[in-house]
Structure formats: C-alpha cells, structure tokens
Amino acid sequence: MATQHTSSALPAPALSAAYPMAKPGYGKRAAPDQRPRMPHDFSLLPTRERYVAAFVDHLPDGAAMSVKQLAKQLPLYGQQAISSALTALSVAGHLRRVRCAVGAGDEMRWVFRTFWSRTAHDNEWWTTYLTTQNTKQAAAPESAPPPPWVPDEEPPPAPEDPGTEQGAESTAVPQQRPPVQAPDAETAPPAPNAAPDTPPRSEAGPSPAYLALARLGREDRRLPLSAGDCAALEPQAAEWLARGVSVDYLISALTAGLPTQVDSPLGFIRKRLTDKIPPRIPTADSASPGTPGPAPARRILIECTDCGRPGQPEALPDGLCRPCRTTHQPNTEQAPIDPTETADIEARMATLRDLLRTV
C-alpha cells in the first residue's frame, strides 16, 4: 500500500487576516527562482519544520518574521521551538536573515529582513543572490523614513493673507503702520556686542549617543540602563559615532548575541564598547596622495539565524556563524584508525592480561 506524504504532518493554521505586518522595509522578502507551490512541499523536513515552513510560505511580503509573532500564530510550539525550527530551515536552504543598509549619509540606517524561498538553495546560490542584492542597493540606494528617534519637522506656517482675514472690503484699504522715526541718541540701537533682547534659548536635547544607549533597554530587556549609566557610557558611544557608524549599527552591535542573563548591564555594555569599537577610517583629506580611498561599505550583511551575529554572506554558510554551526552540526565523521595504533593497543591489552594471570 502506497503511503501518501503531505507537505506537513500537522496542518498549518489558516493565515489570519489580522497577522501583523512589519515596519516598511522590514519583514519577509520572497527570493526568486521558486517553483510553483505543490502539495508535497517540505515533505523531506521533520514534522515541526514542515509545520512552520508551510505557514511562513503563505505569509505575504512584508509580514513580521520575529519569533515572538510567529509563536503567537503557531500555538503548538513556543518561542524556543520556533527559533530552533527557523535555524533548521536556514540550514536546509529555505531562508536567510539579513541586515540591509538603506538611505545615505546621515540618514543611513539598518533594516532587518528575512529572505524566504520555497525551493531550497545551497550556500553558493544564496551568496550570489545576496551579493547581487548588495550591488543593486549600492547602485540605487533605497529611500527610507527617518529613524524613530528623530522628531517630525513641523511644516512652516502658511503666510497670512490679509484679504482672507479682513474680508473683501479691507483689501482696498492698505494696512496702516506706525511711522518710522529717525533714531536719535536716546533711541539708538544697541551696540553690536550687546546681547539682543531675545528670550533665552532652550537647553540642548540629549545627544544621539545618549539616545542610542537609552534605547538598549527597549530593544532587549536584558540591557536596562539608567540615566546615570547612559551619561557614564555616552563618551564611549559618541566615539563610535565619530568613527562613521550609524546609531542603528551601534545598537545592533551592542545587542547581537547576548548571553542568557546579563548580571551587570553597565559593565557588559562598557566592555562591548571597548572591545568592539570599529577602526578609524582616514578621510580623503588626511590620506596621502595616490592612496586609494576606502572601499564602499557593504549594504547587506547576513545575520546568523541562531544568535544574530552579523557577517558577510560567504562567511556564514547555512546562515549560521562558526560557533552555531559547531553546536547544531557536530562533526560525526571519525578519522580512520591507524593500523599501527591498533597493533599497539592489542599489544598493551595482551600485556595487561598476562599481568592479571600472574597476580
């Protein structure tokens, strides 16, 4: 009797119309070169992975792909199981998590996307595809909205139209102004060095480095910093920004690959700011003549599906960094046994048997 294999041993739940969508620029992205949807898709995967893959495959582009949101829609598994399933799907060649740089100059920021393919692809295909995406974004940078911490600019006030306020009758009557008197000794304007009679200027707001540190607790609850902690770490964070990195890059570097528990957020962030500070790239003015300028920064970084550590596409095969690959794919191959070592072991065992007989 033939056994029919379905695409998922557990039927994936129907896609809810209220499934949350990610922010513009984030979320799921469908990769090209996918075969049409078939009843036997994902049949070679384990039960849990088939269940998660069948659900993700029906999500539209731009859908939220965080573990927390997927766990809310897939009640059979918790967040840890969903995270493990996504890691297995990355190793199987169905998805890659990446960080894409959008915008240019001071407006550049990093967005997080999950490229999904119904058809499994090998590492060479993913590397080529992400490199192509990198080239396209470098040639035509994508416009992105300003970061959420930048306040919206208020539109300039519209010029007042006296005709609309005073009516049709007042348009014929010119507005009377007080006559301008010639300045004399008593009403002479103040000297140039005198302070103008203007209201006091408001105190400057917090710096971008301070705001980035203040956001860490919202990005991850394991890194809550007080106002005093942010003020103490502000000079170190400002040094990162002075070396050309963006605020989003600083936050990503400080929150990637966190341990299960952070006992001292202040000491942990201070150590990361010291150990992971980026190199200082000389500007074109300070570079010596004839020296080629710095290479353009990569606009796409692949992210380890398990721990979130960023890297180049070719440096993270299967979408995993080297420590995570060692954890999830232990080396089960054993080296061939040397015949001389086998003979030596047998000789030692024979000697031990002889000693036991004589005792």
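**Chat notes on a predicted model**

Q: What share of the contacts with a separation of 6 or more is between residues 24 or more positions apart?
A: In this predicted model, such residues account for 67% of the contacts in the chain with a separation of 6 or more.

Q: How many helices and strands are there?
A: The chain has eleven helices and five strands.

Q: And how much of the chain is buried?
A: Of the 359 residues, 32% are buried.

Q: Which residues form a nonpolar patch on the surface?
A: Ile 345, Met 349, Leu 352 and Leu 355 form one, with about 380 Å² of accessible area together.

Q: Where does Leu 355 sit?
A: Leu 355 is in helix 11, which covers residues 339-358.

Q: Switching to helix 9. Which of its residues are buried?
A: Helix 9 spans residues 265-275, and its buried residues are Pro 265, Ile 269, Arg 272 and Leu 273.

Q: Why do those line one face of the helix?
A: Looking down the axis of helix 9, the buried residues fall within an arc of 100°, so they line one face. As background, an α-helix has 3.6 residues a turn, so residues three or four places apart point the same way.

Q: What covers the buried residues of helix 9?
A: The cover includes helix 6 (208-219), helix 7 (227-242) and helix 8 (247-255).

Q: Which exposed residues are on the face turned away from the buried side?
A: Lys 271 and Asp 275 are the exposed residues carried by that face of helix 9.

Q: Aromatics next. How many pairs are there?
A: The count comes to eight aromatic pairs. One of them is Trp 125 with Trp 126, an edge-to-face pair at 5.1 Å centre to centre with 90° between the planes.

Q: Are Trp 125 and Trp 126 buried or exposed?
A: Both Trp 125 and Trp 126 are buried.

Q: Which residues are linked into a cluster by ring pairs?
A: Phe 115, Trp 125, Trp 126 and Tyr 129 are linked that way.

Q: Last one, Ile 300. Where is it found, and is Ile 300 buried or exposed?
A: Ile 300 is in strand 4, residues 300-303. Ile 300 counts as buried because its relative accessible area is 2%, and the cut-off for buried is under 20%.

Q: How far apart are Ile 300 and Thr 132 in sequence and in space?
A: Ile 300 and Thr 132 are 168 residues apart in sequence and 9.9 Å apart in space, C-alpha to C-alpha.

Note on methods: Residues are numbered from 1 along each chain as its sequence is written. This is a predicted model: local features need pLDDT of at least 70, side-chain atom pairs count only at pLDDT 80 or more; totals for chains, interfaces and linings use all residues. Side-chain values use heavy atoms; hydrogens and water are left out. Helices (H or I, at least four residues) and strands (E, at least two) are DSSP runs, numbered from the N terminus. Buried means under 20% relative accessible area, exposed over 50%, partly exposed in between (1.4 Å probe, protein chains only). Contact means heavy atoms within 4.5 Å. Patches are made of residues with over 30% relative accessible area and no salt bridge: like charges are joined within 9 Å, nonpolar side chains (Val, Leu, Ile, Met, Phe, Trp, Tyr) within 5 Å. Accessible areas come from the Shrake-Rupley method with a 1.4 Å probe; for residues, only the protein chains shown count as cover. A salt bridge is a side-chain nitrogen of Lys or Arg within 4 Å of a carboxyl oxygen of Asp or Glu. Rings of Phe, Tyr and Trp (its six-membered ring) pair if their centres lie within 6.5 Å; planes under 30 degrees apart count as stacked, over 60 as edge-to-face and the rest as tilted. The arc is that of the directions from the helix axis to the C-beta atoms.
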